[in-house]
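This briefing is for a reader new to the structure.

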Amino acid sequence: MLAEFGGAAGCSAAGWRRFSNAARRAGAPAAGARRLWEALLASSRSGRRLPAGEDVAVRILAREIASLDADIEELDSLVADSLAGDEVYECLLTVPGIGPKTAAALVTSIDISAFRGHDELASYCGVAPSDRRSGSSIRSTSPQHGGNRQLKNLLIFSCNSLIGTDNRFGRYYGECRARGMRHSKALKAVARKRLKVIYAIMRDAAPYSA
């Protein structure tokens with residue numbers, strides 16, 4: 001049954017977020033949702049089935065999540081179809097790590113002419129201030145509070161696909177990690193660096209070039 005929430009027990013962090021969100025929408029108390037999730041993990045690890053009442057509750061939440069996921073996928077598909085042929089949207093898809101969902105969010109959420117530079121865009125997206133280089137060192141301060149949370153999450157999360165790649169952003173992630181930066185901080189630094197490219201692409205409607 002854990003497959004309904006993203007896989008086996010080892011993926012509990014992502015699965016728990018989806019489970020708890022569904023439980024909250026269904027009106028379940030947080031403590032009860034946590035107990036259900038822990039029971040689900042324990043059942044998966046032991047090979048034993050959940051007690052009948054808990055099993056039914058989990059199945060109901062799983063069906064709700066599946067339905068919501070289908071609705072979201074359909075909406076994402078409709079948005080992508082409506083933007084097909086949009087010059088800026090198509091150019092954004094050439095940026096490493098930027099897929100249809102993130103490109104669509106950028107195009108529909110940002111009027112690039114309203115920003116005087118990439119620093120202002122970074123502030124709006126919640127990933128400012130930028131990382132700074134000084135000689136061989138890399139320093140990164142915490143991103144500014146606020147900003148567009150949806151864009152911030154999309155921009156940072158999409159950088160996961162760049163880890164281990166040989167493009168400029170993948171190499172930059174490796175540099176950050178080699179200098180002792182935590183994974184989450186390194187992702188934010190990469191997101192900020194890539195946002196400079198995104199700003200120029202949206203401003204000029206020109207595809208990415210390495």
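Predicted model: local features only at pLDDT ≥ 70, side-chain atom pairs only at ≥ 80, totals over all residues.

Residues are numbered from 1 along each chain as its sequence is written, and side-chain values use heavy atoms, with hydrogens and water left out.

**Whole chain**

- The protein chain has nine helices and two strands; helices (H or I, at least four residues) and strands (E, at least two) are DSSP runs numbered from the N terminus.
- Read from the N terminus, the order of elements is α-α-α-α-α-α-β-β-α-α-α.
- The chain has 210 residues, and 40% of them count as buried; buried means under 20% relative accessible area, exposed over 50%, and partly exposed in between, with a 1.4 Å probe and protein chains only.
- Among contacts with a separation of 6 or more, 60% join residues 24 or more positions apart, where contact means heavy atoms within 4.5 Å.
- The accessible surface is about 11,500 Å², and carbon and sulfur atoms hold 53% of that surface; such areas come from the Shrake-Rupley method with a 1.4 Å probe, and for residues only the protein chains shown count as cover.

**Nonpolar core**

- The largest nonpolar core has 44 residues, of which L92 and I110 touch the most other members. Such a core is a set of buried Ala, Val, Leu, Ile, Met, Phe, Trp, Tyr and Cys residues joined through side-chain atoms within 4.5 Å.
- Two or more residues of this core come from each of helix 4 (87-92), helix 5 (100-109), helix 6 (118-125), helix 7 (149-157), helix 8 (168-178) and helix 9 (183-204).
- Helix 9 contributes the most, with eleven residues.
- Leaving aside residues up to four places away in sequence, I110 touches F115, L121, Y124, C125, L151 and M202.
- In soluble globular proteins, nonpolar side chains tend to be buried together.

**Helix pairs**

- Helix 5 and helix 7 have axes that come within 10 Å and cross at roughly 145°. Axes are lines fitted to C-alpha atoms, for helices over the stretch in contact, and angles run from 0 to 180 degrees between N-to-C directions.
- On the helix 5 side, the contact is made by K101, T102, A105, L106 and S109, and on the helix 7 side by L151, L154 and L155.
- By class, this contact of helix 5 with helix 7 has five nonpolar, two polar and one charged residues. Ala, Val, Leu, Ile, Met, Phe, Trp, Tyr, Cys and Pro count as nonpolar, Asp, Glu, Lys and Arg as charged, and the others, Gly among them, as polar.
- Helix 8 and helix 9 pack at about 145°, with axes 9 Å apart.
- Residues of helix 8 in this contact include F169, Y172 and Y173, and those of helix 9 include L187, V190 and V197.
- The contact of helix 8 with helix 9 has nine nonpolar, one polar and four charged residues.

**Single residues**

- A128 lies in the loop between helix 6 and strand 1 (132-134), and A128 counts as buried because its relative accessibility is 8%.
- G117 lies in the loop between helix 5 and helix 6, and G117 counts as buried because its relative accessibility is 19%.
- The C-alpha atoms of G117 and K196 are 8.7 Å apart, although 79 residues separate them along the chain.
- A205, in the segment after helix 9, has a positive phi near 50° and is not a glycine.
- Most residues other than glycine have a negative phi.
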